[in-house]
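This report describes selected local features of one protein model. Please keep the sequence and the three-dimensional view at hand while reading.

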Amino acid sequence: MTEVTAPRTDSRVQERLPTLHYQVAMPQPETHLFEVTLQLVGYPSPILDLKLPVWTPGSYLVREYAKNLQDFAAFADNQPLRWWKKSKNHWQVDKTNVSELTIRYRVFANELSVRTNHLDITHGYFNGAALFFRLPGWEKQPIRVTIVPPYPEWQVTTSLPVDAEVSNTFYAADFDTLVDSPFEIGSHQLYQFEALGKPHELAIWGQGNIQPQKVISDIKKVIEVEAQMFGGLPYEKYVFLLHLFHQAYGGLEHKNSCSLIYQRFGFRTQDKYERFMQLVAHEFFHLWNVKRIRPKALEVFDYDQENYTPSLWFSEGTTSYYDLLIPLRAGIYDAKAYLNHLSKEITRFLSTPGRKIQPLSESSFDAWIKLYRPDANSGNSQISYYLKGAMVSLLLDLLIRAKHGNKYSLDDVMRQMWQQFGKAEIGFTPEELQAVIESVAGIDLGDFFKRYLHGTEELPFNEYLAPFGLQLAAESEEEPYLGVKVNTENGREIIKFVEAGSPAQQAGIDPGDELLAINGIKVAANNLSDRLKDFQPKDTIQVIVFHQDLLRSVSVTLASPRAVKYQVISLHNSDSVQQENLAGWLGVQKILA
């Protein structure tokens with residue numbers, strides 16, 4: 001990808017095209033209000049249409065960004081223009097006989113996440129979809145953005161190229177690029193480094209126990225491994241924006257940058273540090289998979305409504321499969337640590353009853369109404385396309401490797417998808433994706449897709465692990481099975497989840513009930529497991545709860561213990577073929593205990 005520069009357009013044509021220049025100010029950051037000004041010249045129609053996106057690519061939920069917009073006004077020559085709203089996110093302005101006009105509005109920004117806006121006395125962060133209007137029909141027009149920091153010491157970091165003509169001014173080739181380029185404004189730490197001959201930046205807002213040079217060293221390793229997989233880097237510059245916050249986790253991918261949020265003290269312990277590097281590997285992998293290799297439904301974004309696709313299992317799930325593998329290949333952790341991380345993901349998957357209810361393709365299609373809006377029954381009725389998508393990707397990788405003796409793998413699927421769809425940014429259909437996977441595997445995968453992508457059959461982990469000298473071992477809980485999860489909230493023991501078909505559900509216990517006692521003795525979340533160990537399967541106990549403020553005593557017959565943990569371990573006697581397969585996949589012939 002070449003560096004973005006202003007397009008050269010015939011001057012006579014340019015005079016007829018509208019020019020857009022946004023200014024973003026934050027004169028009182030303590031109010032959490034961004035003050036946005038749009039200067040528009042040459043818009044040809046008497047009625048100006050302005051639409052604020054309702055979602056942002058990479059986060060598949062209608063978030064209604066317009067709810068945060070206030071104080072809308074339109075002017076020409078300092079005189080107010082008539083305007084009105086057509087819908088929740090659609091404004092219109094009467095600009096009859098006006099060639100130059102100004103739009104002003106403010107956006108409330110006090111939600112710190114990778115997909116929203118946040119402004120306070122320490123910094124300003126925003127995503128384009130949550131701040132800037134789209135002009136329908138003129139999305140391909142270049143856009144300039146000028147930032148006006150509240151204090152002279154605040155700096156501006158973004159992946160957009162600088163417009164040298166105006167201070168703190170940046171250039172976006174079109175609206176999609178503007179949406180895809182978040183801004184960090186403040187006194188953040190900024191580290192510049194080079195990887196594979198290209199400039200990179202790491203911007204860190206917030207305090208914590210991060211060691212920037214160690215992180216940068218490992219980020220370089222991730223960059224090199226992923227670039228080697230795809231044959232180079234498809235950008236001229238890349239920016240990592242990192243927010244350190246209390247008990248936070250998340251990321252959002254962009255073509256030339258990513259936003260990361262992580263717990264401020266999550267860098268000292270090895271397990272937490274490895275989880276952070278998995279987050280980095282995930283978001284960086286996205287610059288190929290989903291930002292350029294993307295489903296047909298996301299080839300052209302519709303910012304006004306949901307964009308439905310059954311293929312997020314590949315865009316997100318396969319990326320999740322690789323975010324565990326990449327740090328292994330980069331030498332950040334070893335094969336034993338990798339299998340421990342994989343085992344935790346398999347445990348999460350097999351501990352989610354909804355895997356038996358919702359097919360993987362449906363999970364992707366219904367992301368807009370389910371994944372980002374969990375409720376008390378979500379665990380029973382749905383499965384994450386991130387999680388099951390990673391599990392299906394694992395099986396596909398093992399299938400291809402075992403069939404071809406590691407000569408081919410899921411890596412070859414990714415490379416072929418990059419060559420066929422990603423480089424030209426042509427959206428793929430589900431059928432085209434399956435065809436590419438089948439071409440690499442060398443077999444018809446119709447039955448596999450029917451069972452595990454479009455159906456709810458259990459994934460046969462051991463069948464696919466065995467050729468690599470591995471198996472999945474289950475560890476059962478010690479106490480008999482009740483089927484509830486309890487959290488302590490404001491001194492009260494609240495039942496948050498009741499598993500479908502469990503003894504608790506069959507007895508009529510509901511999420512939201514307050515757990516008080518078992519057999520007349522007070523019980524809490526932190527001692528429930530120990531209390532249940534005093535009983536045997538088929539014992540009947542009296543569970544005392546407040547149900548909608550009514551005191552209720554419920555008879556519950558306990559069931560046999562359930563598996564609570566799964567671990568990928570070595571088979572006792574693996575042969576040379578299994579050892580060679582394992583070495584080709586994870587780089588070692590045997591996993592030491």
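The sections below treat a strand and its partners, the aromatic rings, a loop residue and a helix.

The model is predicted, and the values that follow are computed from it.

## Strand β7 and its partners

Strand β7 covers residues 90–94. Of its 5 residues, 4 are buried, so that the strand is mostly covered. On one side of the pairing pattern is strand β3 (residues 47–51), which runs antiparallel to β7 over 5 bridges. Within that pairing, Leu50 has Trp91 as its bridge partner in β7. Strand β6 (residues 83–87) also pairs with β7 in the antiparallel sense, over 4 bridges. A hairpin of 2 residues connects β6 to β7, and Trp84 stands opposite Gln92.

Gln92 belongs to β7. Is Gln92 buried or exposed? Its relative accessibility is 12%, and because the limit for burial is under 20%, Gln92 counts as buried. The side chain of Gln92 makes a polar contact of 2.8 Å with the side chain of Asp49. A further polar contact, also given as 2.8 Å, joins the side chains of Gln92 and Trp84. Leaving out residues up to four places away in sequence, Gln92 touches several residues, including Ile47, Leu48, Arg82 and Lys86.

## Aromatic rings

The structure holds 44 aromatic pairs. One of them is formed by Trp91 and Phe133, whose ring planes stand at 70°, so the pair is edge-to-face. Trp91 lies in β7, whereas Phe133 lies in the loop between β10 (123–126) and β11 (143–148), so the pair ties together parts that are 42 residues apart in sequence. Both Trp91 and Phe133 are buried. Phe421 and Phe428 form another edge-to-face pair. Phe421 is buried at 3% relative accessibility, and Phe428 is buried at 1%. The table lists the geometry of the two pairs.

| Aromatic pair | Distance between centres | Angle between planes |
|---|---|---|
| Trp91 and Phe133 | 5.2 Å | 70° |
| Phe421 and Phe428 | 6.1 Å | 65° |

Ring pairs also link a cluster whose members include Phe230, Tyr235, Trp288, Tyr321 and Trp418.

Charged side chains may also lie over rings. The charged end of Lys214 sits over the ring of Tyr273, at 4.6 Å from the ring centre. Arg562 lies over the face of Tyr481, at 4.0 Å from the centre of that ring.

## A buried residue in a loop

Asn117 is found in the loop between β8 (100–108) and β9 (118–119). With a relative accessible area of 6%, Asn117 is buried. What does the side chain of Asn117 reach? It reaches the backbone nitrogen of Asn127, at 3.0 Å.

## Helix α9

Helix α9 (residues 385–404) has 20 residues. From its first C-alpha to its last, α9 reaches 27 Å, close to the 28 Å expected at 1.5 Å a residue. The helix is mostly covered, with 16 of its 20 residues buried. At the start of α9, a side-chain oxygen of Ser384 comes to within 3.0 Å of the backbone nitrogen of Tyr386. After the helix comes Gly405, which has a positive phi near 55°.

Notes. Residues numbered from 1 in each chain as written. Predicted model: local features only at pLDDT ≥ 70, side-chain atom pairs only at ≥ 80, totals over all residues. Heavy atoms only, no water. Expected span 1.5 Å × (residues − 1). Buried < 20%, exposed > 50% of the residue type's maximum accessible area, 1.4 Å probe, protein only. Polar contact = N/O pair within 3.5 Å; in protein donor to acceptor, adjacent residues only side chain to side chain. Phe/Tyr/Trp six-rings, centres within 6.5 Å; stacked < 30°, edge-to-face > 60°. Lys NZ or Arg CZ within 6 Å of the ring centre and 35° of its normal. Contact = heavy atoms within 4.5 Å. Pairing = 2+ DSSP bridges.
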